[in-house]
Amino acid sequence: MTSNVNIERKLTVRRMPFTFDDDIDIKWNAAKPEWSYMANGASLAMPYLEPYLIRTMKKALPLLNDNALIQEVRDYIGQEAQHYQQHRRFNDIIKSRGYDIIDELEQQMLSEYSIFEKEKSLKFNLAYAAGFESMALGVGHWLIKNRDYLFGTSDPRVASLILWHFVEEIEHKCTAFDTYQAIYGGYWHRLYGTFFATLHVMKFSRSGYIIMMKKDGAWGKLRHRLHIIKYNLLFITGVLPMLLHSALPNHHPTDIDDPQWSKDWIDLYKKNNAILAHLDTGNLTTPSGTGFTK
Ligand SMILES: [Fe+2]
Ligand SMILES: [Fe+2]
C-alpha cells in the first residue's frame, strides 16, 4: 500500500517554553476540580504511553518505502518526544504533592507496555499506535470545541500544555494510520487496536485520578463522584462519534477537517510561541475564534 503524504502534511517539532512552577495547584481548574483530576490522570500516562508509541514507530521505519512518510514518522517521533517530556515536567509537580502510590501505577504502565513489545507482534503494536491516534484525534476535537468550558479561567500553564499537545495530535493524525496501512493494512486489526488502545489508556487515566482523589479525600464524596460521572459522560459522548467514524472500513484521518482554532494556533506559533505557552484562559472564545492574548 502507498501513502498519500505531501508537503502540506509537513510536521513541525515544537519546543515550547512552558513554565511549571511549584505554585501550580493540582486542581488547576478551580471551578472544575474533578476535570482537573481527570486530565492529570491522563497526563500521568503520557511518559509511558508516548515512549512506547515512539519505539513502535521506530521499529516500523525500516519497513517503509515512501520517503515522505519516513520523514513524517521521524517528525512524529520528535513531536511525541516533546509531549511526554513536557508532561513529565508537569507530572513531577503532581508527584511532589505526596501521591506516593503513583509510583506503583507507573511501574504497572512500564510493565504492560514492555510486555506488549516483547510478546505481541509489530502489527498489534502498530494497530495500537494507529488506534490511540484515532482516539487522540477525537479528544483533540472535543477539547478544542469545548475549550472555554474545560479550560476557561483555569491555570494557563496547564491549559496551554494540554491544548498544545492536542493541536499536535490533530496535526499528526495521519502518521500512525498511514504507517500501519503501508506495512499491514488489515481492517480488523486496526479496528481492534482502536478500541483496545482507547480502553487501555482510559484504564490508566482512571487509575491515576482515583489515586489523587482518594489521597485528597474527594473520591468518597458523592458530589465529586457525580461530577466525575458527568465529565466522563461528556468525554465519551464527545469523543465517540469521531471514534466510530475512525472505525469505518474506508476511514482515513484526512476525512476529518481540522478545527479552525488549531489552524490558528499553528499560524500563530510561527510568530510567537511564548504566547502559546501561556494562553489567556479568560479569553479562549473571542469573536475571531482564536482567543490568543496579544
Ligand atoms: Fe502526544
Ligand atoms: Fe500522537
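**View 1. A cluster of aromatic rings.** In this predicted model, ring pairs tie Y52, Y113, F116, F124, Y128, Y192, F196 and F204 together into a cluster. Across the structure there are 25 aromatic pairs. Take F124 and Y128: their ring centres sit 6.5 Å apart with the planes at 55°, so we call this pair tilted. F124 and Y128 are four residues apart in helix α4 (residues 122-145), which puts about one helical turn between them. Both of these residues are buried.

**View 2. F124 meets Y192.** Here's another tilted pair: the ring centres of F124 and Y192 are 6.4 Å apart, and their planes make an angle of 55°. This pair links distant parts of the chain, with F124 in helix α4 and Y192 in helix α8 (residues 187-215), 68 residues apart. Buried or exposed, what is F124? With a relative accessibility of 7%, F124 counts as buried, because the cut-off is under 20%. Y192, at 46%, is partly exposed.

**View 3. Charges over rings.** Look for K120 over the face of F124, 4.9 Å from the ring centre.

**View 4. The iron site.** Which protein donors hold the iron ion (ligand 1)? They're E50 (OE), E80 (OE), H83 (ND1), H165 (NE2) and E169 (OE), at 1.9 to 2.3 Å from the ion. Along the chain, their spacing reads E-x29-E-x2-H-x81-H-x3-E. E80 also bridges to the iron ion (ligand 2), and the two ions lie 3.7 Å apart. H165 and E169 are both buried, and they're about one helical turn apart because four residues separate them in helix α6 (residues 156-171).

Technical notes:
Residues are numbered from 1 along each chain as its sequence is written. Chains are lettered from A and ligands numbered from 1 in the order in which they are written. This is a predicted model: local features need pLDDT of at least 70, side-chain atom pairs count only at pLDDT 80 or more; totals for chains, interfaces and linings use all residues. Side-chain values use heavy atoms; hydrogens and water are left out. Donors are N, O and S atoms within 2.8 Å of the metal (3.2 Å for Na, K and Ca); water is not among the atoms, so sites may look incomplete. Helices (H or I, at least four residues) and strands (E, at least two) are DSSP runs, numbered from the N terminus. Buried means under 20% relative accessible area, exposed over 50%, partly exposed in between (1.4 Å probe, protein chains only). Rings of Phe, Tyr and Trp (its six-membered ring) pair if their centres lie within 6.5 Å; planes under 30 degrees apart count as stacked, over 60 as edge-to-face and the rest as tilted. A charge sits over a ring if NZ of Lys or CZ of Arg is within 6 Å of the ring centre and within 35 degrees of the ring normal.
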